[in-house]
Amino acid sequence: MHFHLTRGFPAPEKRMSSIQRWCLAALLLLEVPCIFGEPVLKQSVRRIQPGEKPYGLSVKRGSDSHGTWTTWFNIDHPGGNGDYERMGAIRFYYRERVCLKPTRIEARTTDWTPASNTGQVVHYDAQEGFWCLNKEQPEGQMCLNYAVRFLCPVGSLPQDSKTLWSSWSKWSECSAKCDQTGIQTRTRTCLAESLRDPRCEEVSEEGRRCLGPPCSVCNLTCSMGRVNAECDACMCEDHLLRGKVSLQDGAPAVGAAISLQAKVTKLLTVTDDDGAFQVPGVCPDGKTILEVKKPKYTTALLTVPVNSGNASLVHVHLKRSEKPYMMTHPESKARREGQSVSFCCNAVGDPAPDRYFWFHNETLLDPRLYKYKNNLVLKNLKMDHAGLYSCKTSSEAGTVKSQVATLSIIEKNEAPCNPQPESYLIRLPHDCFQNSTRSFFYDVGRCPPKTCAGMSDKGLHCKDTVAYCCGVTKMETRELACAGYTLPIKATVECGCQKCTEAKVVVRGRAVASDTEEPMRFGHIYLGNNRVSMTGYKGTFSVQVPPNTDRLVLTFVDRLNKFVNTTKVLPFNKDGGAVFHEVKMLRKKPPVTLESNETSTISLGDMEGEDPIAELEIPPNTFYRQNGEPYIGKVKASVTFLDPRNVSSAAMAQSDLNFVNDEGDMLPLRTYGMFSMDFTDETATESLNAGKVKVHLDSAQVQMPGHLKGMKLWSLNPQTGLWEEEGDFQHDRSRRSKREERTFLVGNMEIRERRLFNLDVPESRRCYIKVRTYRSERYLPSEQVAGVVVSVINLEPTAGYSSNPRAWGRFDSGVTSSNGACVPAFCDAQNPDAYSAYVMASLGGEELEAVASSPRLNPFAVGVPQPYLSKLRYQRTDHFDRNVKKTAFRISVAKPTPNAAEESNGPIYPYEKLQECEASPYTAAHFRFYRVEGDRYDYNTVPFNEDDPINWTEDYLAWWPRPMEFRACYVKVKINGPLEVNIRSRNMGGTHPRTVGKLYGIRDVRSIRDLDYPNLSAACLEFKCSGMLYDQERIDRTLVKIIPQGNCYRDSVNSMLHEYLVNHLPVAVNNDSSQYTMLAPLDPLGHNYGIYTVTDQDPRTAKEIALGRCFDGTSDSSSRIMKSNVGVALTFSCQESDAQRQNLFQALRNVPSRYPVSPLRKRIGVRRPSQSRGGLIRGKSNSLVRIPQKAQ
């Protein structure tokens, strides 16, 4: 006799429920269809009203008189245009689970609501499948997430158990004692992603009756003691096992479960308040194994050691379990039809993850069909295989998902890249206006650097041995007629698939105090447990990002203990180059002295005129040493609280305020305060831990609806940069405020290996803000700047005052690519003013300007059309006060209304539409920042965008010969005369046979007035360094001509520079006293020669450092103020020119433009040192302010 134990249904010996009996009677007597009382979906294409019962379908779970039902399918989600459960897609993923000609179809939502109860407009057909369109639903509604199943003729449906379920296990041993009747069972495992999957509701365990062994027969033999009555373990009645279980820091593990490993694990005892336990009768034979379990800690296995005595003593140390964390993510790849591909992911944790699942377009791939583990191999690729791939893994400690990788597939005879270049405009020199186009811009073309299918790789690797990208395969040289000369320019005429340009990825910046900007000198920087860098004397740092890194988690540790250890998740440019971050360090609070044997309280939050947000309550006798021994005496306690009511503290937030939920999704948190705790003994030499500590949260400080119910305590994992739940809050009935209407919540925590905690609420109202950054106010697509850090401070407005923030809740950052950046933010669909945000942008520490909002708001300049712009309430920070900086804007983050055409194209995107945001075209709505245009100009014969090193092109005339190493060279020129002068360097090939006499590029710059001497100015002018060209075969000494504009003559040349050039032949001829010509030196000469050379992995960084040294006139320091008389190479004297003659930059300003550009010299703005006519100083806010010139 067999019986079945079915997951989710009652055992067979229990009687049928009233609902089941009703359904059976209805089916047999009335032919009324139901599935446990719910009506099913009728085959039609119309709205089904709630409560309406369409005509019948079979109701039996497995089969009916007309055929067999399939399992439920859910391959799409209701994003985009709707929810599509089409038969073609279902057959692609589950071809063995659906028949060729189904006779009926049934639909329900994923929360088991029949389609007939939703009231939505749906379409379905047994041959075509099911679909629901968002545009057909009532206003404000979207399609729900539906699942479908099909009725197949008898015998036409393969058994799901062959693919979805594992094989049956062997029959278990009989549960009966000797000579008694018992049960044998066997099981099988559902291989679906989650046991909650409705397809897992079939029989998972079978049983049959059995007879126990004869009482005189037991196959178990014991080397010590005797067999117990169950015949599954050995017993030694005279032996007593004593033990102690300690946590990682030596504290007693209270309530740990001690179990015996046997055929059926048996709980023996739990540890007491001291972590101690006693177990009698356990045999010390070296074979008996005990399990020690405690929540949030890894299960420990203890083998009882061999001992001939009557007592044994053991000590077990538990390690805190670590949630899975994805270290290796699948990489995007491109293949031709018929080729093969491999995707890999790998996660770490304790215990190690043991189950991996792969998804294609968010649909689970059958693990028995694809036979994958942590790598997925697809062979003989077809066009249907293209799409998005990701993996998911889990362990006892949790679940985590990987990032999404894109697989692009092209047909066998299709070109891997579009051979036609896309348009790309560059700006020509000021004296090269093109009459044919009536413009200073010229289209040189560009190949978009996307991944392409290159040479086939015979091996299947996680990372392609050679990466292929669309790049330039053919260029042609053109000549443009300019004022008095011909300008050569190389334009792209053909694109093709070739090896990608490798570029190093670097993060650099400064770590400074948030209050005084004091640098954190010689601090340590950790990546995981490895120290990867140190900060310098000025707090500067540089870290090369390891390959395959998705999230860069760095921890900054102050060796002098002035600052709180700070963990940051720093965004970087994955395409290469350096990104600058300023890391704000929170200064530690001075310690207070506590008595260990007394109850102590510490307030969290000290805003003037405000109550504390929360309060710590430390009970007596709760401190203990690192070895677990109780500590008695005075305690020095330093508790540093980051108060979100202080909006200026947002940049000091730890990590990126994310956590991973039970399904493995990374989700955001909204903070109500972070606090760091340090406890030491009286001499401050030994760190102390604390047991139960209470946190009392003032509920009056939580004003967002629903947040009190979701409030939790979190701790930061510095290895992953993720927050992990420590505990919930409960209503504190033991304490009331003096004002009776206020209540408190209480949560419990322990201070052990983690010292940084958070009062947070998971927030599901999420969006993305699309931002682009530009080189000027022209906002041209070709002038977009990559590598800009865009930061968003999420704000909670004061009730009734949307422009007045009550507190910040989150701080996010992103880095612009060539297509801008999508930065996450909280948003709300019902109340546009529920959340607001400040948005800022910086490049290399320089803040960019936002588009003005007053005196007149120009939607065309802002980049967002009306009426959506008014709904977002866009205001630049100087909207009401012109003296405030112009480097940020504030918006109400109003989630776009579904089906509203004016809100469907950016700049706010729902959280599930990240890919749509990232791929949005330039014409889509977006917010804008721009750099204040300065008095300098760069022209390269071979076009190159310094913000995007991956677009580098192999060519002998390339300004930068190597994409992995960038060398910047500057010469300092002093001008004697009453006016500022424009100076040009013209750089040509000097000694290399392939480039001699050919132009590399032009650099123009304007001299900067000396603040102390009215008739003196100076300029730092870039020139092309000498050295190897891209083929690395032969050196070229660049021929550099330095030409001041106007009536100038050469006064002097630095004697050391002149001597060097004379001694390093050949020597350039200098017959024209109005300019200077040299063959650029090969050596990095330094300030004594007036030459400044810096090599870096990023071109912008190399130029910025060299420029700072040139301004300062030294080889090892930097300045933002031009020092005209120090470290000079060339000196010219210049007289006033004809008043009617336009200078170089005046000509640029008179160029017709679509966008009105306000005169730069009439406003205060953020500038680079080399871009200002006046001197520059740096303020505490990091903005650069121009000092007005002296009257002439």
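Buried residues make up 52% of the chain's 1192 residues, where buried means under 20% relative accessible area, exposed means over 50%, and partly exposed covers what falls in between (1.4 Å probe, protein chains only). This is a predicted model, so local features need pLDDT of at least 70 and side-chain atom pairs count only at pLDDT 80 or more, while totals for chains, interfaces and linings use all residues. Residues are numbered from 1 along each chain as its sequence is written, and side-chain values use heavy atoms, with hydrogens and water left out.

Let's start with the overall picture. The chain has 78 strands and ten helices; these are DSSP runs numbered from the N terminus, with helices (H or I) of at least four residues and strands (E) of at least two. Take the contacts between residues at least 6 apart in sequence: 69% of them join residues at least 24 apart, with contact meaning heavy atoms within 4.5 Å. The accessible surface of the chain is about 54200 Å², and carbon and sulfur atoms own 50% of that. Those areas come from the Shrake-Rupley method with a 1.4 Å probe, and for residues only the protein chains shown count as cover.

The structure holds 17 disulfides, a disulfide being a pair of cysteine sulfur atoms within 2.5 Å. Here are some of them.

One of these joins Cys 345 to Cys 391, with an S to S distance of 2.0 Å. The torsion about that S-S bond is about 125°, so the disulfide of Cys 345 and Cys 391 is right-handed. It links distant parts of the chain: Cys 345 sits in the loop between strand E21 (341–344) and strand E22 (346–350), while Cys 391 is in strand E26 (residues 387–395), 46 residues apart. Cys 345 counts as buried because its relative accessibility is 1%, and Cys 391 counts as buried at 1% as well.

Another disulfide is formed by Cys 432 and Cys 482, whose sulfur atoms are 1.9 Å apart. This link is left-handed, with -50° about the S-S bond. Again the pair links distant parts of the chain, 50 residues apart: Cys 432 is in the loop between strand E29 (425–427) and strand E30 (441–443), and Cys 482 is in the loop between strand E31 (468–481) and strand E32 (486–499). Cys 432 is buried, with a relative accessible area of 0%, and Cys 482 also counts as buried, at 13% relative accessibility.

Further along, Cys 969 and Cys 1025 are joined by a disulfide with an S to S distance of 1.9 Å. Its torsion is about 120°, so the disulfide of Cys 969 and Cys 1025 is right-handed. Cys 969 lies in strand E65 (residues 966–976) and Cys 1025 in the loop between strand E69 (1016–1023) and strand E70 (1027–1028), so the pair ties together parts that are 56 residues apart in sequence. Both Cys 969 and Cys 1025 are buried.

Next up, the backbone. Most residues other than glycine have a negative phi, and most peptide bonds are trans. With that in mind, look at the bond from Asp 350 to Pro 351: it is cis, with omega near 5°. Pro 351 is found in the loop between E22 and strand E23 (355–360). The peptide bond from Leu 1065 to Pro 1066 is cis too, with omega near -5°, and Pro 1066 lies in the loop between helix H8 (1055–1063) and strand E74 (1076–1079).

On the phi side, Asn 361 has a positive value of about 50° although it is not a glycine. Asn 361 lies in the loop between E23 and strand E24 (363–364) and counts as partly exposed because its relative accessible area is 33%. Arg 873 also has a positive phi, near 55°. You'll find Arg 873 in the loop between helix H6 (868–872) and strand E60 (875–876), where it is partly exposed at 40% relative accessibility.

Finally, have a look at Ser 715, in strand E48 (residues 712–717). Ser 715 counts as buried because its relative accessibility is 0%. Its side chain is joined to that of Glu 726 by a polar contact of 2.7 Å. A polar contact is a pair of N or O atoms within 3.5 Å; within protein, one must be able to donate a hydrogen and the other to accept it, and residues adjacent in sequence count only if both atoms are side-chain atoms. Leaving aside residues up to four places away in sequence, Ser 715 touches residues including Arg 320, Trp 723, Glu 726, Arg 754 and Phe 757.
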